[in-house]
Amino acid sequence: MKYGRSIKDLAAEIDRQQEAKVDFKLDTRHLHMSVGANDSQRNTGETIWMSIGDKMDIQIKQVAHRQIGTHTEIPAKYYDRMKDKAPDLLAANVNRWFQDESSRRMVHVLDNRMRAFLSDRYKRIDNYDVSQAIFPILKEIDGLEIKSCEITDRNLFIKATSPRSCGEVTVGDVVEAGVMVRNSEIGFGRFLIIPFIHRLVCDNGMVLNDSRFGRNHVGAI
């Protein structure tokens with residue numbers, strides 16, 4: 001069974017996002033949370049907005065809300081309660097800590113929405129760069145079968161197997177070689193390339209955890 005997009009649709013969406021996203025590295029004193037700042041914003045149905053200096057006013061996605069809460073040390077349950085029932089109070093709290101305990105952060109924006117609120121030391125590995133490195137290799141593998149691939153708010157993942165690299169581990173138990181690729185641009189795990197063995201009698205496959213390539217998003221590359 002195949003899950004997610006086709007590899008062609010995945011490549012198209014990665015290209016689209018590459019054009020639509022932008023990062024800002026700035027001091028939190030240049031960020032300001034507001035509630036229904038103007039009529040055009042109210043018409044979208046959104047309540048809480050973030051101003052990035054004088055550059056843009058953007059919506060805030062749930063992942064970014066959670067990362068803002070963690071950074072300002074506002075407990076998640078109380079943060080969500082304020083967001084839902086007292087957004088003015090949430091904005092006042094966040095703005096106060098942005099000003100009084102300022103620090104440099106990276107704001108990741110996609111489609112005019114704050115997708116992530118990260119340390120300015122975070123070294124994002126772009127899904128576009130991953131695709132440019134991985135897709136040509138996948139195309140060269142004769143008979144490669146894409147089992148699943150998708151790009152979500154949090155992760156890019158690809159799972160593929162090679163029917164040409166198969167054999168029996170026991171009589172009737174046929175396996176084939178496979179590889180999984182996973183990346184997150186917004187702090188939800190390392191960049192990983194993981195080989196695995198796919199048993200044809202089941203859908204999940206057996207992951208070989210002791211043989212993988214990974215790259216962290218913080219520190220020197």
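**View 1. Arg-105 sits in strand β6, which covers residues 104-110.** Strands here are DSSP runs of E with at least two residues, helices are runs of H or I with at least four, and both are numbered from the N terminus. This is a predicted model, in which local features need pLDDT of at least 70, side-chain atom pairs count only at pLDDT 80 or more, and totals for chains, interfaces and linings use all residues. Residues are numbered from 1 along each chain as its sequence is written, and side-chain values use heavy atoms, with hydrogens and water left out.

Is Arg-105 buried or exposed? Arg-105 is buried, yet has no salt bridge. Buried means under 20% relative accessible area, exposed means over 50%, and partly exposed lies in between (1.4 Å probe, protein chains only). A salt bridge needs a side-chain nitrogen of Lys or Arg within 4 Å of a carboxyl oxygen of Asp or Glu. For Arg-105, the nearest side chain of opposite charge is Asp-120, 6.8 Å away; Lys and Arg count as positive, Asp and Glu as negative, while His and the chain ends are not counted. The backbone oxygen of Phe-117 lies 3.4 Å from a polar atom of the Arg-105 side chain.

**View 2. The largest nonpolar core has 22 residues.** Such a core is a set of buried Ala, Val, Leu, Ile, Met, Phe, Trp, Tyr and Cys residues joined through side-chain atoms within 4.5 Å. Helix α5 (residues 87-100) gives the most to this core, with four residues. Look for Met-33, Met-50, Ile-68, Val-107 and Met-114, the residues with the most contacts inside the core. Contact means heavy atoms within 4.5 Å. Leaving aside neighbours within four places in sequence, Met-50 touches residues including Leu-31, Phe-98 and Met-114.

**View 3. Arg-5 and Glu-150 meet in a salt bridge (2.4 Å, N to O).** Arg-5 belongs to the loop between β1 (3-4) and α1 (7-20), and Glu-150 to strand β8 (residues 145-151), so this pair links distant parts of the chain, 145 residues apart. Glu-150 counts as buried at 18% relative accessibility, whereas Arg-5 is partly exposed at 27%.

**View 4. Asp-111 and Arg-16 form another salt bridge (2.9 Å, N to O).** Asp-111 lies in the loop between β6 and β7 (113-119) and Arg-16 in helix α1, so the pair ties together parts 95 residues apart in sequence. Asp-111 is partly exposed at 30% relative accessibility, and Arg-16 is partly exposed at 36%.

Note on methods: A polar contact is a pair of N or O atoms within 3.5 Å; within protein, one must be able to donate a hydrogen and the other to accept it, and residues adjacent in sequence count only if both atoms are side-chain atoms.
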